[in-house]
Amino acid sequence: MTEEKIGLLEEEALKRKERLQALKRKNEEGSEETNDVAESLPRPKFRSYKPQDESLKNNVIENAKPGDVETVVQDQLDAAKSKVVIEELDISNLAPRKPDWDLKRDMAKKLEILERKTQKAIAEIVRTRLKQGQQDLAAYVNNHNE
């Protein structure tokens with residue numbers, strides 16, 4: 001049994017060594033990548049600060065120069081002076097709406113449904129009376145419209 005334990009311990013030691021070597025290789029590759037990452041980091045830009053270090057002086061941004069404001073203002077004034085001609089004016093959009101316009105709008109769908117049901121009910125009544133033979137169709141329509 002002791003020989004078996006010793007064999008197991010040796011195997012585990014070998015596995016540990018392999019894992020450590022793999023970690024070392026990975027760390028070496030990682031350090032190379034960190035050097036690449038450090039080179040690809042964004043460089044600082046100095047707008048109002050003048051750095052003392054010579055290596056940072058090339059990151060200084062020059063002061064902004066003001067644009068030509070007079071031409072922009074003149075263009076806006078010229079655009080304001082030109083008259084816009086309205087060819088078509090829809091007066092219905094300008095007129096105030098009646099106070100109950102929203103109620104009518106909301107009730108329109110419900111009224112359409114009721115109208116359909118009413119028409120079906122009238123048609124059913126006409127059919128039943130025709131089947132009973134009480135009146136002919138023309139007389140019923142004339143009496144109903146009066």
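Which pattern does the protein chain follow when read along the sequence? In this predicted model, the protein chain follows the pattern α-α-α-α-α.

**Figure 1. Overview of the protein chain, with five helices and zero strands.** Of the 146 residues of the chain, 3% count as buried. The chain exposes about 14800 Å², and carbon and sulfur atoms supply 55% of this area.

**Figure 2. Close-up of helix H4, which spans residues 101-132.** The helix has 32 residues and reaches 45 Å from its first C-alpha to its last, close to the 46 Å expected at 1.5 Å a residue. A kink of about 45 degrees is centred on Ala-108. Just after H4, Gly-133 adopts a positive phi of about 80 degrees.

**Figure 3. Close-up of the salt bridge between Glu-124 and Arg-127.** The closest N and O atoms of this pair are 3.4 Å apart. Both residues lie in helix H4, three residues apart, which is about one turn of the helix. An α-helix has 3.6 residues a turn, so residues three or four places apart point the same way. Glu-124 is partly exposed, with a relative accessible area of 43%, and Arg-127 is likewise partly exposed, at 46%.

**Figure 4. Close-up of the salt bridges Lys-57 to Glu-54 and Arg-105 to Asp-106.** A search of the whole structure finds four salt bridges, among them these two pairs. Side chains of opposite charge can pair when their charged atoms come close. For Lys-57 and Glu-54, the closest N and O atoms are 3.4 Å apart. Lys-57 is partly exposed, with a relative accessible area of 40%, whereas Glu-54 counts as exposed at 58% relative accessibility. For Arg-105 and Asp-106, the closest N and O atoms are 3.2 Å apart. Asp-106 is partly exposed, with a relative accessible area of 45%.

Figure 5. Phe-46 counts as buried because its relative accessibility is 14%, while Tyr-49 is partly exposed, with a relative accessible area of 48%.

**Figure 6. Close-up of a nonpolar surface patch made by Val-69, Val-73 and Leu-77.** The patch covers about 250 Å². One of its residues, Val-69, lies in helix H2, which spans residues 69-81. Val-69 is exposed, with a relative accessible area of 56%.

Technical notes:
Residues numbered from 1 in each chain as written. Predicted model: local features only at pLDDT ≥ 70, side-chain atom pairs only at ≥ 80, totals over all residues. Heavy atoms only, no water. Buried < 20%, exposed > 50% of the residue type's maximum accessible area, 1.4 Å probe, protein only. Helix = DSSP H or I, 4+ residues; strand = E, 2+ residues; numbered from the N terminus. Expected span 1.5 Å × (residues − 1). Bend = angle between axes of the 7 residues up to and from the residue. Patch = residues over 30% accessible without salt bridge, like charges linked within 9 Å, V, L, I, M, F, W, Y side chains within 5 Å. Areas by Shrake-Rupley, 256 points an atom, 1.4 Å probe, with all protein chains shown as cover. Salt bridge = Lys/Arg side-chain N within 4 Å of Asp/Glu carboxyl O.
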